[in-house]
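Visitor: I would like to learn how to read the side-chain and sheet features of a model with some care. Could we take them one at a time, with the general idea first and the case second?

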Amino acid sequence: MINLVTLGSLQLNGDTGPLLSGRRKILALLACLVRHAPEPVRRAELTNLLWPDRSENHAKQSLRQALAELRPSLGDALIADGESVQVDIDALTFDARLFEDAVRHERWDEAAHLWSGDFLHGLESVAGEAWGRWLASERATLRRSAAQVFRALNAIAERRDDRKASMDWTHKWCDVAPLDEEAFTARIGSLVRAGRPVDAAVCFEGFIRKLHNESRVPSPAFEALRQQFAAGRPAPEGKVVIRGTVTLSGLSQLSVDARSVAEAASVIDRPADAAALQAISAITSHSFRTAITELVEHGIFAPVGEASWAFTTPENRARVFSVISADRRLNLQRVVAARFGTPVEGKQPAAPRPALPAPSRGSRRMRPAMVIAGTAAAVMLVAVANWAARASTANAIELEPGSTVLLDQVRDAGDPTLAGAVNTAAALGLSQSRHVALYRAPRGMADTSANAPHAERIRALARAEGIPRIIKLDISGTDSALRVAARLIDGSSGELLGEESIETGRARLVDDLDRLLRKVRVTLGEPEAIVRDSSRLLREVASPSIEALSAYADGLEAWSADNADSARASWTRALDRDSSFALAELALANDAFTRDDPAQGDRWVRRAVTHAERLTALDALRARQMLAMRDGRLAEAATLAEQVARRAPSGQAWFDLAAVHVAADRCADAITAFERSLALDSTHVRARLGLADCALSLGNATLALKHIDAAQRMDSTVVTAAMYALHRGRALVRSNRLPEADSAFQAMLTGTTVDSANGFRWLAQLEMLRGRYGEALSRLQNATRLYRQAGDAQALFDNLVLEATAFAAIGGRTRASELIDEAAAISATRPMPPVGQFQLGHLMARIGRLNGAREVLRQMSARSAQVGDGQWAVRLLSASLSVAERNPAEALAAADAQGAPAELEPYRLALVADGNTLAGQHDAALDAAQRLAQDWHFGDAAQDEWLRATLRIARVSELAGDTTAARTAYRRYVDRWKDADVFLVELSMAQRSLVRLGGAAIASTVSGARGGSR
């Protein structure tokens, strides 16, 4: 007996395996007939349902052809006459009917087992509007039955007090009934009983938003559920950010919508009317009214006129502003700037995080430049805040190694230049200690005692963070007779434990301060021998110029306040005062990398290395590591990063080492380093995402999903909704759960303009993986439109090259050339990374535009000679041109070597395979093609080369005379593309080759495969 599967997927299985594989419309017709059985369906109804865009005669012909294809599988079970068609339901099993029978007889476990997802999932677009209406009606009916099943199973779990089962069943219940208050009430109850009130709060807020988006309001009974997960919790101190819910000191818990409005208002920084707040927060009008009511009730907002509101106090605005992630803040500022016509300030995070593991533009592995951008931040020893600086070491006059000390810097000095110089010098001097480490308040941390005296605020911070000792600096006197004191204070009681001081003058301040700090380190418990041997004079490490030190301090202060332009000006001023101030050079390098200007950053790093005697040992190591990364010397970079991590272990140091291993495609080593990073800092979200990326690279999608979910639970301000959807979607693709991956990428479309553009691009990559290039092109065109709207030249360039690649795959070379010309025009106005330039030139060579490819190669060669990067990109584009010119010797001379960057390795293998094929060296060609086919490159720019690897294997095997291997590879290629568009050029070639090698039996299989995508 044959079995028709329609829940969650669409398959027809017989005794010998799948039947009519890939014939989606034919199977949709069968599902429609079986759903109506035992009643017949009129032919006119079927043609209107499935072929509405064809003339009556053509529609009837299509129906006859479809029935003819069904007949061999169904036999006499398919009953047709001139007026109607029906199926004998007893001749096959049908999962939807079995499911409904189980529900009818209350066999709940059996029904739950049969439910695998929506009826005919993924077939929404197989026909027109009539089909869509019928499908929606059938799905709604089956979803109601599924809700009944999960409601009953949840009730059974509750009676048994099986909390885990209850959470599982309510989760599935909410999935099939997304607007059912009863389902979400049960879900919230199960989460609260399981001790997960935060998850309950997130579930509650998510459902409220769904209702608001449907212009519906929750019932009072549902609103009252808020007390279930809020009751009994003490008023929070400080601020906590958990997923989409924010709690602020002195304020009540805010809903997601209230937070969105508050964030918009904090960025506007002026009284704002309803239209502006709603537009910038991007929520519905009903949600906006509810959010305003909530903010006013909690005393956060106050009306300042008709339909206009402002924060009740500057402190409330500051608290909200402090919890906005840097990326979201910048997006909000852009919207505000567009609305009010004001410029966007140069906002940059004080310590930019590396974009690991998966940049949204599609690279599977972290690019070396991205690693450098993150590693460069580590060079900045201290981001000077107004009342704290950072570390990790411990115990009052007997501080144990590994303790943390809080540096309370000079305040209220009459000479701000002098104060800034002392603060910076003290931070630099103490940072050299192997015994203690300075504490710096986490970015965005709220000052919970803003109105208290400064000493009380410092002690409150020390108690909250468990810091045992405070070092308080003070200056008094005149320029020629200064006294600098360093007092050691108990972090809990505020008791004075000891004091060291020096009498000095402005001219000799740096030297004398260095001696003072050595005394402080000995007082803290560090052995004198270590202090003597490890210390470097501040005159060498920092600068003998008070003005240069002060300017450097101003830059750090501006950077910590997100004012990158001011920071850059201050560091430049420091170098004007002291031209070999290496730390200022490294700070400017960090700024350049953050601005995505690697060439400028590279120049600053190289300049700093020439002044290495002015760097601490750790900073010298970091700078050398950055240079090694820039030059592609990844083994050396890993050695240097490991030395840094072992000498100054921290979560970030081990993360930096892991990032180098990822860039070198050594995920096994990277995993060890990521785990060490988490052992030192369990909240290091990027390390968790790094583990997910490595797990995915090694093929363990289940583990990757686990790490992704853990990272999102850690901090949803770092792992935004779009980032979470992206990471999860990639892992689901690796698990071959393509419908779920599609849904994940679809979720990105509700974010910002750039998030939506990235979502369309990833959806296009998914369609290309399936061979549906026609659908992929519509996604790519949407992405191109949004990238233009966002003004993201780099992303637009990348997307145009990808779109051109898709057109080339379906034979649309004219349109591909037009897109290539547009991409080339963009690269002429803004230099693109060498990898992007290579991809453009490589595509030109593939479609025969050799003069254009030669011009790209000339430009790349000139740039490489000037700035010293992109050598591999130049080599491989030269190889690509040689292949196009049928010159295998030169192609192999350029490409047949190890050591290409991970993002270029797939192209290298493809070119090696093609070069050896031209040279008649079939074994070497086959080896390169097989290595390319065995890897995983979904979402990479090299995805197209990877997908074509199987075809290369088939062609090389055929040329080598191995007909059996060639036939197997061609069949594997055709089978992979069974749902592909029929107009794929290389698919048609593969089908013809398969027919030629296999005869009539294979020809019939190919014919069925091609017809399935009509």
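Guide: Let us begin with burial, where both Phe-204 and Phe-222 are buried, a word that here stands for under 20% relative accessible area, with exposed meaning over 50% and partly exposed in between, for a 1.4 Å probe and protein chains only. This is a predicted model, in which local features need pLDDT of at least 70 and side-chain atom pairs count only at pLDDT 80 or more, while totals for chains, interfaces and linings use all residues. Residues are numbered from 1 along each chain as its sequence is written, and side-chain values use heavy atoms, with hydrogens and water left out.

Visitor: What percentage of the residues of the protein count as buried, and how many helices and strands are there?

Guide: Of the 1014 residues, 53% count as buried. The protein has 49 helices and 17 strands, taken as DSSP runs (H or I over at least four residues for helices, E over at least two for strands) and numbered from the N terminus.

Visitor: How many aromatic pairs does the structure hold, and what describes such a pair of rings?

Guide: A pair of aromatic rings is described by the distance of the centres and the angle of the planes. The structure holds 17 aromatic pairs, counting rings of Phe, Tyr and Trp (its six-membered ring) with centres within 6.5 Å, where planes under 30 degrees apart are stacked, over 60 edge-to-face and the rest tilted. In one of them, Phe-119 and Trp-134 have ring centres 6.1 Å apart and planes at 65 degrees, so this pair is edge-to-face. The pair links distant parts of the chain, 15 residues apart, since Phe-119 belongs to the loop between helix H5 (108-114) and helix H6 (129-159), whereas Trp-134 lies in helix H6. Phe-119 is buried at a relative accessible area of 0%, and Trp-134 is buried at 13%.

Visitor: At what angle do the planes of Phe-204 and Phe-222 stand, and in which helices do these residues lie?

Guide: The ring planes of Phe-204 and Phe-222 stand at 5 degrees with the centres 5.2 Å apart, so the pair is stacked. Phe-204 lies in helix H9 (residues 197-213) and Phe-222 in helix H10 (residues 220-223), so the pair ties together parts that are 18 residues apart in sequence. One aromatic cluster is formed by Phe-184, Phe-204, Phe-207 and Phe-222.

Visitor: Which charged residue sits over the ring of Phe-119?

Guide: The charged end of Arg-35 sits over the ring of Phe-119, 5.8 Å from the ring centre, where the test asks for NZ of Lys or CZ of Arg within 6 Å of the ring centre and within 35 degrees of the ring normal. Elsewhere, Arg-875 lies over the face of Trp-872, at 4.2 Å from the ring centre.

Visitor: What are the surroundings of Thr-6, and is Thr-6 buried or exposed?

Guide: Thr-6, placed in the loop between strand S1 (2-5) and strand S2 (11-14), is buried with a relative accessible area of 0%. Not counting residues up to four places away in sequence, Thr-6 touches Ala-31, Phe-94, Asp-95, Ala-96, Asp-118, Phe-119, Leu-120 and His-121, contact meaning heavy atoms within 4.5 Å. With Asp-95, the side chain of Thr-6 makes a polar contact, side chain to side chain, at 2.8 Å (a pair of N or O atoms within 3.5 Å; within protein, one must be able to donate a hydrogen and the other to accept it, and residues adjacent in sequence count only if both atoms are side-chain atoms).

Visitor: Which residues does Ile-292 contact?

Guide: Ile-292, in helix H14 (residues 285-297), is buried at 7% relative accessibility. Leaving aside neighbours within four places in sequence, Ile-292 is in contact with Val-261, Leu-277, Phe-301 and Trp-309.

Visitor: How do strands of a sheet pair, and what is the order of the open sheet of three strands?

Guide: Strands of a sheet pair through backbone hydrogen bonds, either parallel or antiparallel. The open sheet of three strands has the order S4-S6-S5, with antiparallel pairing, where pairing asks for at least two bridges found by DSSP. Strand S4 (41-42) and strand S5 (78-80) stand at the edges, each with a single partner strand, so one side of each has no neighbour in the sheet. S5 is joined to strand S6 (residues 84-87) by three bridges, and Ala-80 stands opposite Val-85 in S6. In the parallel sense, strand S13 (residues 404-408) and strand S15 (residues 469-478) pair over four bridges, while S15 and strand S16 (residues 481-490) run antiparallel and are joined by ten bridges.
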